[in-house]
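Let us walk through a protein model, one region at a time. Keep the sequence and the 3D view side by side as you read.

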Amino acid sequence: MPELLLELFSEEIPARFQRRAADDLKKAVTNALVDAGLVYEGAKAFVTPRRLALTVTGLPARSPDTREEKKGPKVGAPQPAIDGFLRSAGLTSIDQAKVESDPKKGDFYVAHINKPGAGAIDLLSAILPKILTDFPWAKSMRWGRGTFNWVRPLRAITATFGAENEEPVVIPFDSNTITSGQTTFGHRFLAPEPIRVRRFDDYVAALERAKVVLDIDRRKDIIRADAEHLAFAQGLTVIADEGLLEEVAGLVEWPVVMMGAFDPAFLELPEEVIIATIRANQKCFCLRDASGKLAPNFIITANTVASDGGAVITAGNERVIRARLSDAMFFYNGDLALPLEHGLPKLEETVFHAKLGSQFARVERLVKLAGEIAPLVGADPERAKRAAMLAKADLTTGMVGEFPELQGLMGRYYATAQGEPSDIATSVEMHYKPLGPTDKVPTEPVSIAVALADKLDLLTGFWAIDEKPTGSRDPFALRRAALGVIRIISENGLRFPLKVEADLLDFFHDRLKVSLRDAGARHDLVDAVISADSNDILQITHRAEALSALLSSADGQNLLAGYKRGANILAAEEKKDGRTYAGTVSQDALVLPEETALAFAVDAVHAAVTNHVAQDDYKGAMAELASLRAPVDAFFTAVLVNDANPDVRANRLNLLARLRDTMHLVADFSKVAG
């Protein structure tokens, strides 16, 4: 069957847009093909700095004929309804419609519309220019004449269609000033001549000869492997950086890896500064020696095969990196010369938020809040206040001004160098964490106090000015802050009730549900252990774990079934009687041994569960509930709840209410599925 080859050749596409663009092209074309009735076998998209390419295999030569049945108005309907039906069905006379009968609705008109298929080339000629016009670039530009936008100036379009053993046909269409054809170009410098292509296989081979590796993942593999081999030969290892690898693979069409070096004297800088400098300025990978220390070397990925073996390219990169590291050394020494706290007055000049004041005002809030939190997490209040005071001080330093991603980390380096205690210095870095689901959380008491203060101040502040996340919009990363609080509390095993307004507590509940579900907890069990006033993160987590363990046992499952049965009976009778049964059981009204046994068992378990819950022993509480399985089973086997004697009936309903209330001491079992 025929295949489609599409290539959109342009000036350099920014690396950060490339993979998304390839996915968008594949999705747009394949969706349009299916909508047009052209069902395909397979599709794959590719991207390099100068081209987006797509191959679609197993396409039919034309779309199939279709027959559509369109139901119209009743026979005898008003003429406007008849006219509308004729227009929508493409008929010129009602005589062209058939009359069908329905036993309930009577006779009505039906049009049988035959739609012949269309040639794939004709369909593609209409589909492809629209896809280019509507392409969802994050940023695009206009050039030359017309209103067409593309991420960078589009230079050529290849669009061919044909079977394997046939000469393919060019799909004719225009986009802006460019007409589709079957000519592309190789590497900008190594093989810039035009290349005539027919179909995907010879297209890939021709590009390879013209020094273009079409597949971005293959370019990544080449860079990774060559860098590792080059490093290994020198007794070094490459510092893995998947984000940088993705970016570099998007900057080159023919990757050539080389190694450069810098003055070992620069190793006096913190290694994170060196890595950030080399990464940001030259897109190069850093290396470690056999002892794990940063090596004075780096990996360059060039986009050409140099006649001198890369000597000029390497020297150029070394020159730039030397200059950038000299700047970093200047900033670093300048920052060290000034105590961190001397930068605090500058924070008054930095606006945190128009409605929440300056960064300095925020620091003042953090100092107060960290001092209040400290005793609750086992930290010294004065050390927590000192740490909170210094937490944002590095924002005024030259190094953080140059590399904002190093905030906190540079503060730790400076605080350590200036003689601050290690727990205070550590908290300056760790109070920002965790920044994501895989990031580590602070574990030292002072760091915990400042980190919680930082996140709770952020949340309560933005809640106070009604700047809350909406849908997918969360410009102040408040969801991340709430998840950070949850992880700090749960992973450190802290009893830290959240004293926040109800609306913010609901937000924490939502984030906690996401966190627990991501960890594998059933959504219904999470809902069962969270009530409107639940403010203890650790308690909720432990309850969910204990409930999960209970319901994974046979006793737990049978107890849940008994609970559901009893709760349903109770709800129905309360509705019928117009009253609520409070769970007050009269011993004198107990008639059968099974209800007596259940009444005594529930009383004993109620007392035991209350005691376990008071001690935060939820496993123990669940174990007590599990012991109710046998008396509950026996009760429903032998006892008729709706006894003819109204006093006995009321007492049995109160017994079910007592069972329900006892189980609700641990969780709301009505929310548990099953």
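Is Ala477 buried, exposed or partly exposed? Ala477 is partly exposed, because its relative accessible area is 21%. Here buried means under 20% relative accessible area, exposed means over 50%, and partly exposed lies in between, with a 1.4 Å probe and protein chains only.

This is a predicted model, in which local features need pLDDT of at least 70 and side-chain atom pairs count only at pLDDT 80 or more, while totals for chains, interfaces and linings use all residues. Residues are numbered from 1 along each chain as its sequence is written, and side-chain values use heavy atoms, with hydrogens and water left out.

Stay with Ala477 for a moment. Its phi is near 55°, a positive value in a residue other than glycine. Ala477 sits in the loop between α14 and α15 (478-491). Helices (H or I, at least four residues) and strands (E, at least two) are DSSP runs, numbered from the N terminus.

Asp616 also has a positive phi without being glycine, near 60°. Its place is the loop between α20 and α21 (618-626). Asp616 counts as partly exposed, because its relative accessibility is 29%.

Now look at His612, which belongs to helix α20 (residues 593-614). His612 counts as buried, because its relative accessibility is 19%. Contact means heavy atoms within 4.5 Å. Leaving aside neighbours within four places in sequence, His612 is in contact with Asp617, Gly620, Ala621 and Glu624.

Next come the sheets. Strands of a sheet pair through backbone hydrogen bonds, either parallel or antiparallel. Two strands count as paired if DSSP finds at least two bridges between them.

β2 runs antiparallel to strand β3 (residues 51-57), and seven bridges join them. Within this pair, Gly42 stands opposite Thr57 in β3.

Another open sheet has three strands, ordered β4-β6-β5, and its pairing is antiparallel. Its edge strands are β4 (66-74) and β5 (98-102), each pairing on one side only. From one strand to the next, the twist averages 35°. Five bridges link β5 with strand β6 (residues 106-115) in the antiparallel sense. Glu100 has Phe108 in β6 as its bridge partner. Helix α2 (residues 79-89) packs on this sheet, touching β4 and β6, and its direction makes about 175° with that of β4.

Move on to the helix pairs. Helix α16 (residues 502-518) packs against helix α18 (residues 537-551) at an angle of about 40°, with axes 12 Å apart. α16 and α18 are therefore oblique to each other. Angles under 35 degrees count as roughly parallel, over 145 as roughly antiparallel, 65 to 115 as roughly perpendicular, and the rest as oblique. The crossing of α16 and α18 is right-handed. A crossing is right-handed if the near helix is turned clockwise from the far one by less than a right angle, and left-handed if anticlockwise. His509, Leu512 and Leu516 in α16 meet Ile537, Ile540, Thr541 and Ala544 in α18.

Helix α19 (residues 554-577) and helix α22 (residues 629-638) pack at about 45°, with their axes 9 Å apart. This pair is therefore oblique. α19 and α22 make a left-handed crossing.

Finish with α13, where seven of the nine residues are buried. Among them are Ile424, Val428 and Met430. Their cover includes α10 (381-390), α12 (409-417) and α14. The loop between α13 (422-430) and α14 (445-464) holds Pro434. The peptide bond from Lys433 to Pro434 is cis, with omega near 0°.

Note on methods. Axes are lines fitted to C-alpha atoms, for helices over the stretch in contact, and angles run from 0 to 180 degrees between N-to-C directions.
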